[in-house]
Amino acid sequence: MPQSLHCKYGHIVFSTKGRQPTITADLEPRLFDYLGGIVRGLKARLIEINGTANHVHLLIRESKSVADQEFMAQLKGDSSHWVNETFTNRPRFSWQDGYGWFSVSPSDIDAATAYIRNQKSHHKKVSFEDEFRQFLRKYGIEYDERYVWD
């Protein structure tokens with residue numbers, strides 16, 4: 001029987017709307033668990049997740065059956081809907097419109113995992129905006145600053 005084999009890894013980065021610090025300490029663990037459930041439901045595998053009050057990083061083994069745009073629409077849409085339905089005493093929660101999805105070589109999985117785990121201490125020195133610009137430069141992605149953030 002023929003096989004269709006697939007092994008692609010992605011480092012996904014996106015922020016809250018306006019980079020507002022709305023991922024509070026009480027919300028973070030539940031939100032990260034919920035995002036992990038969405039990832040699994042989309043037939044991908046979550047390797048690592050972390051972030052700060054205004055953005056999140058996920059390292060995943062990508063799904064071969066779900067296109068990136070569909071994956072992101074469900075990940076962000078379902079999770080923001082869940083936050084707003086579950087935590088009704090909070091201000092409205094939403095994600096930025098865009099995102100970054102960067103390929104990761106299998107040989108770089110350990111380094112990417114460590115990078116994501118270190119987010120809170122990393123962002124004591126580097127802003128989310130500067131970090132994201134560094135990713136864009138590293139991957140040679142041309143961008144217009146006017147449209148990157150929301």
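Asn-54 lies in the loop between strand S2 (45–52) and strand S3 (55–61); helices (H or I, at least four residues) and strands (E, at least two) are DSSP runs, numbered from the N terminus. The model is predicted, so local features need pLDDT of at least 70 and side-chain atom pairs count only at pLDDT 80 or more, while totals for chains, interfaces and linings use all residues. Residues are numbered from 1 along each chain as its sequence is written, and side-chain values use heavy atoms, with hydrogens and water left out.

With a relative accessible area of 16%, Asn-54 is buried (under 20% relative accessible area; exposed is over 50% and partly exposed in between, with a 1.4 Å probe and protein chains only). Its side chain is joined to that of His-55 by a polar contact of 2.9 Å. Such a contact is a pair of N or O atoms within 3.5 Å; within protein, one must be able to donate a hydrogen and the other to accept it, and residues adjacent in sequence count only if both atoms are side-chain atoms. Leaving aside neighbours within four places in sequence, Asn-54 is in contact (heavy atoms within 4.5 Å) with residues including Arg-19, Pro-21 and Phe-128.

Strand S3 also holds Ile-60, which is buried at a relative accessible area of 0%. Not counting residues up to four places away in sequence, Ile-60 touches, among others, Tyr-9, Val-39, Phe-71 and Trp-101. Ile-60 and Trp-101 are 41 residues apart in sequence, yet 10 Å apart in space, C-alpha to C-alpha.

Next come the aromatic rings. Rings of Phe, Tyr and Trp (its six-membered ring) pair if their centres lie within 6.5 Å; planes under 30 degrees apart count as stacked, over 60 as edge-to-face and the rest as tilted. By this rule there are ten aromatic pairs. Tyr-34 and Trp-82 are stacked because their ring centres are 4.4 Å apart and their planes at 10°. Tyr-34 lies in helix H1 (residues 28–41) and Trp-82 in helix H2 (residues 68–86), so this pair ties together parts 48 residues apart in sequence. Tyr-34 is partly exposed at 30% relative accessibility, whereas Trp-82 is buried at 15%.

Phe-102 and Phe-132 form an edge-to-face pair, 6.0 Å centre to centre with 65° between the planes. Phe-102 belongs to strand S4 (residues 100–104) and Phe-132 to helix H5 (residues 128–138), so the pair ties together parts 30 residues apart in sequence. Both residues, Phe-102 and Phe-132, are buried.
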